[in-house]
Amino acid sequence: MNRLVRRFFASILLVWAVFTLTFFLSRWAPGSPFQGERKLPPEIMRSILSYYHLDRPLSVQYWEALKKTATGDWGSSFKNPGIRVSDVIGQALPVSLTLGGVALLESLIVALVLGTWMALAREPVKGILRALSALEVALPSFLLAALLIDLFSVRLGLLPPALWNGWRSVLLPSFAMAIAPSGYLARLFATSLEETIRSPHYQAARGRGIRPFRLLLSHGWLLSLNAVVSILGPVSASFLTGSFVVESLFAIPGIGRVFVLSVTNRDYPLIMGTTLVYTMFLVGMTLLGDLIGEWIDPRVRAL
Amino acid sequence: MSRLPFVLPDRRPGLQRVLGFSGVLFFSLLVVLSLLPSAWTGLDPVAQDTRFVLAPPGTSGHLLGCDFLGRDNLSRLVSGSTVSLFIGVCVGLFSTLIGAFWGLLSGYRGGMFDTVLMRLLEVWYALPELLIATILMLALGHGIFAVVVALSIGGWMGVARVVRGETLKIREQAYLEAARSIGASPLRLVFRHFLPNLLPVLFVLLLFRIPGGILGESTLSFLGLGLSPPASSWGTLVNEGWKALPLTPWILAFPAVLIVLALLAFQWFGESLGKRWLG
């Protein structure tokens, strides 16, 4: 319990540090949210800057932003005045979570099946499966997405090429996102499963005459699952970043697109909001992965 | 733009040697190809010839056809390969160097210092990679230099973690205690004992980082956040090919095949070296 509380506070500190870094990084980048095609007269520019408190010293701005963010007020967008950051994120996040969740599920299923097969297969097949998983890792998601759109939407007309309407538009982007991580996870799982199979407890269970299926499932599989679960945090966070690319390609109104747009527009409140959501997600998922990992294999806790 | 932890290779016979060899072979082929750009075609990769807009492969004088501005695909591909490989190797080198420095410092000093460095690394790791890259690109312009800096600064954390772990292992070795007990200076310890023993790991990490750099560049450029248009790289070529896809699928196919092959080659090369050296 004590440990959990400590981790919780460490996570809050981490989020604060990310907030600080993002704040200064985004202000450091050249450009301003109010630079449009047309040059604004200096007095109007000045009044806009003073309205948003952008004419004050950076330290003052930082304290204001920190106080506001900590009390749950994430402000409103600079680029589209009146639209609250929390509303933008509230609309975009469910989309990205659905997409990322489906992609995570797909890649886990592929990884576990491929990984198990890889660990159990004999040499020629094993080599082919390894090469296959390497190929998966080497396929950039944007390339796969482009090919999928061309094949299934343009040529065959089976699935929508873009936008977000119903379950049919989840299939292509989630698949494009799932392939590379699934190859990576499959290798990780296979290596771990091979190790478990070589271990004494597995061989002992085999010696006791436990049926192959049960043996594999409860003596091999469950323990090896830890290799996958322990990197659940970075993996699921990479689904959120992976979605930055795939979402722009499929024109999906998710958090990735909001993020890319906010950075190119220097929409400071929106940059802060999306980055914080990403960080909290990463931290939360890492914690969850560690907890599940400990539950599966209590030996991890001793480390 | 993967930030997943490195999987150091496991023991495995057979196919390994063949794959490693083919990786090296393809890698050297790419290097030769990209070191002699103009010798291949003699055509300017940015020269436009309106007579050949979207010409198919096999057109006389343009072996791989031309793009939507009538630029020769082959010469764009060759000069793009040079750029992408250069960026990949630079990103690999710099991010490995930063990571090695950070990890070595952290593992060698230990204690509070180690804790602070590792916490800082976690903060950097918790920032979205694309945020770091985009902001640095905005600050530094859209040239090759900017891409290298952005990707190196965004991608050294995995290296630092591995190097720190290896350093901690070396610290426990008897030869290190022996060196320390006869009064070797810290500098001597680092250069005569830590670095030589870290070298194989560093080289393998470098080989894993290079494809990371190539992939990062192509992703950024494909999104339009990387190199700006007249320049060619695998990323910008894929971007242009993607825009003309229904009409002329081959424009996308050439750079796409090269990216996948290059990533595979480095992966196999790195894995077979890793197996030999780190086993």
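Predicted model: local features only at pLDDT ≥ 70, side-chain atom pairs only at ≥ 80, totals over all residues.
Helix α9(A) has a kink of about 40°, centred on A:Trp221.

Where are the buried residues of α9(A)? They are A:Leu216, A:His219, A:Gly220, A:Ser224, A:Leu225, A:Asn226, A:Ala227, A:Val228 and A:Val229. In general, an α-helix has 3.6 residues a turn, so residues three or four places apart point the same way.

The largest nonpolar core has 138 residues. Which of its members touch the most others? They are A:Ala111, A:Ala145, A:Ala176, A:Phe189 and A:Val228. Helix α4 of chain A, residues 85-120, gives this core its largest share, 15 residues. In soluble globular proteins, nonpolar side chains tend to be buried together.

Leaving aside residues up to four places away in sequence, A:Ala145 touches A:Pro173, A:Ala176, A:Val246, A:Leu249 and A:Phe250. A:Ala176 is itself among the core members that touch the most others.

Now step back to the whole of chain A. Its secondary structure comes to 13 helices and zero strands. Its C-alpha atoms fill a box of roughly 85 × 60 × 30 Å along the principal axes. Of its 303 residues, 42% count as buried. Among its contacts with a separation of 6 or more, 75% are between residues 24 or more positions apart.

Chain B is built from helices too, with eleven helices and zero strands. It has 279 residues, and buried residues make up 47% of them. For contacts in chain B between residues at least 6 apart in sequence, 70% join residues at least 24 apart.

The two chains meet. Chain A brings 42 residues to the contact and chain B brings 37. On chain A, at least two residues each come from α1 (2-28), α5 (123-138), α6 (141-155), α7 (168-198), α10 (232-250) and α12 (268-296). Which helix gives the most to this side? It is α1(A), with eight residues. By class, the side of chain A that touches chain B has 29 nonpolar, ten polar and three charged residues.

Notes:
Residues numbered from 1 in each chain as written. Chains lettered and ligands numbered in written order. Helix = DSSP H or I, 4+ residues; strand = E, 2+ residues; numbered from the N terminus. Buried ≥ 20, exposed ≤ 12 C-beta atoms within 10 Å, placed from the backbone. Contact = placed C-beta atoms within 7 Å. Bend = angle between axes of the 7 residues up to and from the residue. Core = buried A, V, L, I, M, F, W, Y, C linked by C-beta atoms within 7 Å. Nonpolar A, V, L, I, M, F, W, Y, C, P; charged D, E, K, R; others polar.
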